[in-house]
Amino acid sequence: RAQELLGVGSQQAALQILHEHVTNKRNRNNSIAALEPVMLLYVQLCVDLKKGKFAKEGLYNYKNFSQNTNVQSIELVSKKFIELAEQKVTEAQAKADEVQSSLENTTSTENVDDLEAIETPESILLSTVSGEQSRDRTDRAIVTPWLKFLWETYRTVLDIFKNNARLEVTYQSTAHQAFQFCSKYVRKTEFRRLCELLRNHLSNAAKYSSQMHAINLSDPETLQRHLDTRFQQLNVAVELELWQEAFKS
């Protein structure tokens, strides 16, 4: 049915049908083989329509369903989710470059201090009274919304995969990807939030060590992965000249 709706251009309706399906607890009677292609289509539509909340709900339910029988499937779907979001940022940058091909090719996305902040009255007024299409404004209009979505994508996967021994490797690799994002786009505000998020996850892992599938911080391999992530965190903190975060790391 979702494919039929997509065939007539009704993406929103197709996503709504899939959302009802993947969040339905009765689907636990279905096989992973049947649900996996549905989830891959679901995350693709979530990215296309910028529906981060829908994606989080679907991934959370699918994790609970698949972690006991086929952990590779939820890893595959989450990686696809991140990959699609990263692809959108690349496409947005290419589009911005095309729009501003006559101007100097510089990256101005770092001028937006906070990806989670809404537009200010001043910025709206400025864009209204000024007809000048500066590179900064082009990036704000085309690239920044997708940068925000990509940041939320990393955060969603980290939140869903936290303190889970079966998903620990993917959790750490996602943290590394998020660090690279902060470094590449000079996202200092998001980097601070990412560090705080990882600290909270670590303290909660120690607090809830008796939970099912909880990570074991005494395990040498798990400890090494956490150390590798903290060293990466330290490197990016120094690169961004955030000395307080480097000290906390």
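Residues are numbered from 1 along each chain as its sequence is written, and side-chain values use heavy atoms, with hydrogens and water left out. Because the model is predicted, local features need pLDDT of at least 70 and side-chain atom pairs count only at pLDDT 80 or more, while totals for chains, interfaces and linings use all residues.

**Figure 1. Overall view of the protein, with 12 helices and 0 strands.** Helices (H or I, at least four residues) and strands (E, at least two) are DSSP runs, numbered from the N terminus. Of the 249 residues, 42% count as buried (under 20% relative accessible area; exposed is over 50%, partly exposed in between; 1.4 Å probe, protein chains only). Contact means heavy atoms within 4.5 Å. Among contacts between residues at least 6 apart in sequence, 76% join residues at least 24 apart.

**Figure 2. Close-up of helix α2 (residues 11-22) and helix α3 (residues 32-48).** Their axes come within 10 Å and cross at roughly 135 degrees. Axes are lines fitted to C-alpha atoms, for helices over the stretch in contact, and angles run from 0 to 180 degrees between N-to-C directions. The angle makes α2 oblique to α3 (under 35 degrees is roughly parallel, over 145 roughly antiparallel, 65 to 115 roughly perpendicular, the rest oblique). The crossing is left-handed, that is, the near helix is turned anticlockwise from the far one by less than a right angle; clockwise would be right-handed. Residues of α2 in the contact include Leu15, Leu18 and Val22, and those of α3 include Val38, Met39 and Tyr42. By class, the contact of α2 with α3 has 11 nonpolar, 3 polar and 1 charged residues. Ala, Val, Leu, Ile, Met, Phe, Trp, Tyr, Cys and Pro count as nonpolar, Asp, Glu, Lys and Arg as charged, and the others, Gly among them, as polar.

**Figure 3. Close-up of helix α4 (residues 52-66) and helix α8 (residues 144-161).** The two helices pack at an angle of about 25 degrees, with their axes 10 Å apart. This makes α4 roughly parallel to α8. The crossing of α4 and α8 is right-handed. Gly52, Lys56, Leu59, Tyr60 and Lys63 of α4 meet Phe149, Thr156, Asp159 and Ile160 of α8. These residues divide into 4 nonpolar, 2 polar and 3 charged.

Figure 4. Cys182 counts as buried, at 0% relative accessibility. Cys195 is buried, with a relative accessible area of 0%.
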